[in-house]
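Here's a walk through one protein chain, written for someone who likes to know the cut-offs behind each word. Have the viewer open as you read.

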Amino acid sequence: TIIKGVDTRGPQAGASVDWKFGEQIAQLDLSPTWAFGVRWSPSGKTLAYAGHSSMIYFVDDVEGSPAAQNLALRDLPLRDILFVSEKMAIGVGFDCNPLIFAADETGLW
């Protein structure tokens, strides 16, 4: 959601849309399980969330035509995600071992 006075829209955002508080921006039916640790990248261009099924999802262009990538993890699910930059995120979970995820120059995680 967007909070007036806190969040600003830069030139990269869809400036013609005026979202209201609590209004649904998009519905993503990417995983059949519930989600943990939903986080936006610093620019707001990428959404990441961890699924209870030991998957992590990276979604670009959420407001337009979402392009999603998912990665299957070998072990227990992640519980939370933190973006440390636009192309790097850290996931922590039930295994108590942090995982680092990085996107290459083509955007592949």
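## Ground rules and confidence

This is a predicted model, so to speak of local features a pLDDT of at least 70 is needed, side-chain atom pairs count only at pLDDT 80 or more, and totals for chains, interfaces and linings use all residues. Residues are numbered from 1 along each chain as its sequence is written, and side-chain values use heavy atoms, with hydrogens and water left out.

The protein's average pLDDT (the predictor's confidence in each residue, from 0 to 100) is 83, and 83% of the residues score at least 70. Residues 11-16 are another matter: pLDDT is below 50 there, and the stretch has three contacts in the model beyond near neighbours in sequence. A contact here means heavy atoms within 4.5 Å. Where pLDDT is low, the predicted coordinates should not be read in detail.

A word on terms: strands are DSSP runs of E, at least two residues long, numbered from the N terminus, and two of them pair if DSSP finds at least two bridges between them. Strands of a sheet pair through backbone hydrogen bonds, either parallel or antiparallel.

S3 (residues 55-60) and S4 run antiparallel and are joined by six bridges, with phenylalanine 58 opposite glutamine 69 in S4.

## The three-stranded sheet

The other open sheet to look at has three strands, ordered S5-S6-S7 and paired antiparallel. Its edge strands are S5 (78-85) and S7 (99-102), each pairing on one side only. From one strand to the next the twist averages 25°.

S5 and S6 (residues 88-93) pair in the antiparallel sense over six bridges, and they form a hairpin with two residues between them. If you want landmarks on this pair, serine 85 has methionine 88 in S6 as its bridge partner, while isoleucine 81 stands opposite glycine 91 in S6.

## One salt bridge

How many salt bridges does a search of the whole structure find? It finds one, where a salt bridge is a side-chain nitrogen of Lys or Arg within 4 Å of a carboxyl oxygen of Asp or Glu. Arginine 39 and aspartate 80 make it, with their closest N and O atoms 2.9 Å apart. The pair links distant parts of the chain, as arginine 39 is in S1 and aspartate 80 is in S5, 41 residues apart.

Are these two buried or exposed? For the labels, buried means under 20% relative accessible area, exposed over 50%, and partly exposed in between (1.4 Å probe, protein chains only). Arginine 39 is partly exposed because its relative accessibility is 33%, and aspartate 80 is partly exposed too, at 28%.

## The nonpolar core

A nonpolar core is a set of buried Ala, Val, Leu, Ile, Met, Phe, Trp, Tyr and Cys residues joined through side-chain atoms within 4.5 Å. The largest one has 13 residues, and Ile56, Phe58, Leu78, Ile81, Phe83, Phe101 and Trp109 have the most contacts inside it. S2, S3 and S5 are the elements giving two or more residues, and S5 gives the most, with three.

Leucine 78 touches residues including Phe36, Ala50, Ile56, Val92 and Phe101, leaving out those up to four places away in sequence.

## Loop residues worth a click

Serine 41 is in the loop between S1 and S2 (46-51). It counts as buried because its relative accessible area is 4%, and it touches Thr46, Phe83 and Glu86, leaving aside residues up to four places away in sequence.

Most residues other than glycine have a negative phi. Serine 54, in the loop between S2 and S3, has a positive phi of about 65° and is buried at 12%. Cysteine 96, in the loop between S6 and S7, has a positive phi near 65° and is exposed at 65% relative accessibility. Asparagine 97 is found in the loop between S6 and S7 and is exposed at 51%. Its C-alpha atom is 9.5 Å from that of leucine 78, 19 residues away along the chain.

Definitions and conventions. Helices (H or I, at least four residues) and strands (E, at least two) are DSSP runs, numbered from the N terminus. Axes are lines fitted to C-alpha atoms, for helices over the stretch in contact, and angles run from 0 to 180 degrees between N-to-C directions.
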